[in-house]
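Open the model in your viewer and keep the sequence panel beside it. The stops below are meant to be taken in order.

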Amino acid sequence: MNYKFLLVLLLSLGFMSCNQNTDKKVLYLAHTLPQTHPVHKGIVAFQEALAKKSNGSLTIKIFPDGQLGSEREVVELLQIGSVAITKVSAATMSNFVPDYHVFGIPYLFRDKQHMFETLEGPIGKAVLQKGEQFWLRGLSYYDAGSRSFYTANKAIKTPEDLKGLKIRVMNNQMAINMVNALGGSATPMAYGELYTAIQQGVVDGAENNPPSFVSSNHYEISKYYTLDEHSAVPDVLLIGTKQWEKLSEVEKNWVQEAANESAQAQKQFWKASVEESMKIAKDAGVEIIIPEKSLFSEQSKSVLEAFQKEHPELADIVNKIKAN
C-alpha cells in the first residue's frame, strides 16, 4: 500500500498547486472497477457532462482499476480530502452510514421501476444526505443490477429446490440469513475461489447479477440461472464534503447536474451489459428460469423481521419504501 500512499500524496500536492496557479479545478475520482464495466462508462459520462457544463473550468481525472485502493480505502481518502469522488456499493457504505443497510433487504423493491422511483425520490435523496455527517455526500445512485441464483446441476424453480444446496454468498449476515431462510445452506467464500468450488462440487451454486455471472465465466459450469432477483443493492456516486465545500455554489450545481445526467446514462450502459450477458449465457446452453418471485419473497420475510428488530431506527425507511 506504500506506493498508493505516495501516489495519493503526490496527487494531493498536484491538486493544490493546480488550483493555486490557474482558474481551473481538477477533481480526482477513484474506483475499483475495470474500464470495460458499465459503471465506469457512467463515470466517463459524468466526466464529460461536467467538463461541458463548466466549459472546461471544472474537470474530473479518473483513476480506475483500484489504483488508489479498495472501495473502503478510497472512501476513507474522501473523508480526509485526498480524493474528491468515488463510486461505492451501498453495501460498503452501510459501514459508514447505517441507513444504507436497508438496501440489502431481500425483495425490498418490487421491480426496477419501483427501485429507481424510490432512489431518485425523497427517500433515496434523504439517505444520500445522511452521509454528510460522516464527510461523505451522496450525489446519485447507479444501477448495480439484481442478484439471482445460479446452480451447476439442479434447477431452482421454487424455494423448495434450494433445500440441501450449498450456495456461495458474500460474507454478509443478511445474505447468509436470506439463503438459510429459503432452505439453502449459505456458504461464505472468497469470490476468487468460487469457479473452482462450483467445478469441484464444494458448493452447488451461487448468486450474482448477469454481467458478473458471465464475466466470471461461472456460466461455463452452471447449467441453470434462476432470475428471482432477490436483492438489488445500488452503487452510490460520492463526493467528500472536504472537497465539496471548496466548490462555489455554481460549481456545486454543475457537479450535481452532471451526476444526475450520468446516472441516467449509466442505466442504459447497465441494461446493454445485461442483455449482452444474457445472450452469451443462453448461447452457451444455460437454462434461464423465470420463477414466481412471490414464493421466494414470502419465505424470506423472516429476514426483514429480524432486520427490523435489530435496527428499529430504520424500520420507518423500510415501511416508506414498501408503501412507495
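**Before you start**

This is a predicted model, in which local features need pLDDT of at least 70 and side-chain atom pairs count only at pLDDT 80 or more, while totals for chains, interfaces and linings use all residues. Residues are numbered from 1 along each chain as its sequence is written, and side-chain values use heavy atoms, with hydrogens and water left out.

**Stop 1: helix H5**

Select residues 112–119, which make up helix H5. Helices (H or I, at least four residues) and strands (E, at least two) are DSSP runs, numbered from the N terminus. Which residues of H5 are buried? They are His-114, Met-115, Phe-116, Thr-118 and Leu-119. Buried means under 20% relative accessible area, exposed means over 50%, and partly exposed is in between (1.4 Å probe, protein chains only).

Now show what covers these buried residues: the cover includes helix H6 (122–130), strand S4 (136–142), helix H11 (249–283) and helix H14 (315–323). Next select Asp-111, which caps the N-terminal end of H5. One of its side-chain oxygens lies 3.2 Å from the backbone nitrogen of Gln-113. A polar contact is a pair of N or O atoms within 3.5 Å; within protein, one must be able to donate a hydrogen and the other to accept it, and residues adjacent in sequence count only if both atoms are side-chain atoms.

**Stop 2: the second largest pocket**

The second largest pocket has a volume of about 510 Å³. Its lining has 27 residues, and to find the centre, select Lys-112, Asp-143, Gly-145, Ser-146 and Glu-229, the closest to it. On a 1 Å grid over the protein atoms alone, a pocket is an open set of points where a 1.4 Å probe fits, with protein on both sides within 12 Å along at least five of seven lines; lining residues have an atom within 4 Å of a point. Grid points are joined across faces, edges and corners, and a volume is the space filled by probe spheres set on the points.

Which helix supplies the largest share of the lining? H11 does, with seven residues. H5, strand S9 (224–231) and H11 each supply at least two.

**Stop 3: aromatic rings**

Select Phe-103 and Tyr-141. Their ring centres are 5.9 Å apart and their planes are at 85°, so the pair is edge-to-face. Rings of Phe, Tyr and Trp (its six-membered ring) pair if their centres lie within 6.5 Å; planes under 30 degrees apart count as stacked, over 60 as edge-to-face and the rest as tilted.

Phe-103 sits in the loop between helix H4 (90–93) and H5, and Tyr-141 in strand S4, 38 residues apart. Phe-103 is buried at 1% relative accessible area, and Tyr-141 is buried at 3%.

**Stop 4: two loop residues**

Most residues other than glycine have a negative phi. Trp-135, in the loop between H6 and S4, has a positive phi of about 65°. Trp-135 is partly exposed, at 45%. Asn-217 lies in the loop between helix H9 (210–215) and S9, and its phi, near 70°, is positive.

**Stop 5: Val-39**

Finish at Val-39 in helix H2 (residues 38–53). Val-39 is buried, with a relative accessible area of 0%.

Terms used
Contact = heavy atoms within 4.5 Å.
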